[in-house]
Amino acid sequence: MDCSHVFEFKVKRLIVVFTLFLAFFSVTPAAFAQVDTAQVTEGSHAQPAAEKKFDIGKFALHHIADSHSWHVIGHTYIDLPVILYTKAGVVNFSSADFTTLEDGKVVRDDEAKVVVERKGQRFVKMHEKIYYASDVANEHGQFVNLDEKHHATNARPLDLSITKNVVTLFISIIILLVVFLNVAKGYRTNKGKSPKGIQSWMEPIILFVRDDIAIPNLGHKYERFMPYLLTVFFFIWFNNMLGLVPFLPGGANLTGNIAVTMILALATFCLTVFNGNKYYWKHIFMPDVPWWMYIVMVPVELFGIFTKPIALMIRLFANITAGHILVLSLICLVFVFNSLYIAPISIAFAVFIGGIELLVAFIQAFIFTILSALFIGMAIEDHH
Amino acid sequence: MELLLPEFGLVIFQSIAFLLLMFLLAKFAWKPILAAIKEREKSIDEALSKAELAKQEMARLTSQNEELMKSARAERDLILKEAKMLKDSIINEAKTSAQTEGAKLIEKAKIEIENSKKAALAELKHQVSSLSLDIAERVLRNQLQDKATQQDLVANLLKDVELN
């Protein structure tokens, strides 16, 4: 695999190195955070007093995960609809139903303690996932069976709910459509003239995608793949930036969600496989090596078809998730040290990392797009 | 690990939404935008190449003008030179012709003078002869009375009249 022309420019190489460094640096807390969650949850069951201690990992993971309600500020939530495809057909209700009133205060349940009954079926919500409720509660009042890692083992209905990420997905699509239909309108009204307004903001980036991503990797056949590359670039970039906005309509971790990156990577995979020409497949099944090397080469090449999009999927997911965890962790330093005096430091760091994240938002979109173009380019290359 | 497991609902929504987005943007945004950019680039390229052509044309015209100027100047010089030569030759010719003409006139005048002189001499001779005849007649009339004196007189007269 010849990737050398990806790193054609010094600047690009610098950016790539920097991003990889950042990814490494920021994935580590994520790994630690997960270990923390498990330990602290375990601990909290043994000794309830430990619950008072602030758990940074649990907090961060809660914030980057998908959710059935949208936390606006304080005790204000937007409850999103729950849509389930169950054995008894489609069931829908508001996620506000997973609440109880305790001493006149609304308590939101995320520990499978509140059962919602619809169409003769009982549902509980635990860690923002919906399960079929058990018949009886366990010793903690939870209507689920837990394994030794405290994960619910109950069956789950097919969850087609409009979650926080789905809402963000819709919002981002509306933003993208509004922006680019306006840009397209600009080309109609300023026909043959210099770009104006939002058109002049977007044109350099569209040209960047065309001239620095598509044409160097795809050659003269670039035009066929431009709609995909442009859409994927702007979708990732806009959503990365939307994820950095800490309040409505941002704040969701859409491009840091494995389902989203999986679909994007799958699109690149499909384009690569369906557009692959005879040279590409020959390179995989009949590489130019002695026949006895085929035992090694063919499985490796076949494996490579799948590892490339999987790497795309993991890279975007890990970078964006890690960025979110990093910013959240820095903000949480105040609670970890339990002192307001730490706030200036934590804000200064968060602003610094936020600035870097803004850069990463663009770079990740760029890397995903250029690698997609590269993989497609390798599949459609004419001669060998 | 939960983070690494894709949720089915989001997978469905994402695939539908992304495909829809790509379709809409491709049809209503990317196609017209890329076409417009391409068209504009083409027109800019054309304008630039036209400008380049115009520049070349301009340079060509300038050099042509220069050439023309140069040749015109050379021609003018040539004409002037020729004119000068012509003038000189005319003057020279005039001079020589004037000279020859003058010489001719002088020659003619000389011949005329000679002729006049000859005529005058002839006239003179005629006059002298008539005069001498007259004289001789008178002398003869006078002297014929005395033969000797007559003869002396004739002799003396003839002695006096010398033909010059």
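This is a predicted model: local features need pLDDT of at least 70, side-chain atom pairs count only at pLDDT 80 or more; totals for chains, interfaces and linings use all residues.
Trainee: What is the bridge partner of A:Phe123 in S9(A)?

Mentor: Stay with S8(A) and S9(A), which pair in the antiparallel sense. In S9(A), A:Phe123 has as its bridge partner A:Tyr132.

Trainee: Which residue takes a positive phi in the hairpin of S8(A) and S9(A)?

Mentor: That hairpin has 2 residues between the strands. The positive phi is near 50°, and the residue that takes it is A:His127.

Trainee: In the hairpin of S7(A) and S8(A), which residue takes a positive phi?

Mentor: S7(A) and S8(A) run antiparallel and are joined by 3 bridges. A:Arg118 stands opposite A:Gln121 of S8(A). The hairpin has 2 residues between the strands, and the positive phi, near 50°, belongs to A:Lys119.

Trainee: How many bridges join S5(A) to S6(A)?

Mentor: S5(A) spans residues 99-102 and S6(A) spans residues 105-108. One pairing is that of A:Thr100 with its bridge partner A:Val107 in S6(A). In the hairpin, which has 2 residues between the strands, A:Asp103 takes a positive phi near 55°. The two strands run antiparallel, and the number of bridges is 4.

Trainee: Why is one side of S4 and of S10 of chain A left without a neighbour in the sheet?

Mentor: The order of this open sheet is S4-S3-S10, with antiparallel pairing. S4 (89-94) and S10 stand at the edges, so each has a single partner strand.

Trainee: What is the bridge partner of A:Tyr85 in S10(A)?

Mentor: S3(A), residues 81-86, pairs with S10(A) over 2 bridges in the antiparallel sense. In S10(A), the partner of A:Tyr85 is A:Leu158.

Trainee: Are H4(A) and H9(A) roughly parallel or antiparallel?

Mentor: H4(A) is residues 198-218 and H9(A) is residues 343-380. Their axes come within 7 Å and cross at roughly 25°. That crossing angle makes the two helices roughly parallel.

Trainee: How many nonpolar residues does the contact of H4(A) with H9(A) have?

Mentor: The crossing of these helices is right-handed. H4(A) brings residues including A:Val209 and A:Ile213, while H9(A) brings A:Thr369 and A:Ile370 among them. The contact has 3 polar and no charged residues, and its nonpolar count is 9.

Trainee: Are H6(A) and H8(A) roughly parallel or antiparallel?

Mentor: The axes of H6(A) and H8(A) come within 8 Å and cross at roughly 150°. That makes H6(A), relative to H8(A), roughly antiparallel.

Trainee: Is the crossing of H6(A) and H8(A) left-handed or right-handed?

Mentor: Among the residues that make this contact are A:Met262 of H6(A) and A:Leu312 of H8(A). By class, the contact has 11 nonpolar, 2 polar and no charged residues. The crossing is right-handed.

Trainee: At which residue does H8(A) bend?

Mentor: H8(A) runs over residues 294-337. Just after H8(A), A:Asn338 takes a positive phi of about 55°. The bend is about 40°, at A:Ile331.

Trainee: Which element supplies the largest share of the side of chain A that touches chain B?

Mentor: The contact takes 33 residues from chain A and 28 residues from chain B. S10 (158-159), H3 (164-189), H5 (226-244) and H6 (258-275) of chain A each supply at least two residues of the chain A side. That side divides into 23 nonpolar, 7 polar and 3 charged residues. The largest share, 12 residues, comes from H3(A).

Technical notes. Residues are numbered from 1 along each chain as its sequence is written. Chains are lettered from A and ligands numbered from 1 in the order in which they are written. Two residues are in contact if their C-beta atoms, placed from the backbone, lie within 7 Å. Ala, Val, Leu, Ile, Met, Phe, Trp, Tyr, Cys and Pro count as nonpolar, Asp, Glu, Lys and Arg as charged, and the others, Gly among them, as polar. Axes are lines fitted to C-alpha atoms, for helices over the stretch in contact, and angles run from 0 to 180 degrees between N-to-C directions. Angles under 35 degrees count as roughly parallel, over 145 as roughly antiparallel, 65 to 115 as roughly perpendicular and the rest as oblique. A crossing is left-handed if the near helix is turned anticlockwise from the far one by less than a right angle, and right-handed if clockwise. Two strands pair if DSSP finds at least two bridges between them. The bend at a residue is the angle between axes fitted to the seven residues ending there and the seven starting there.
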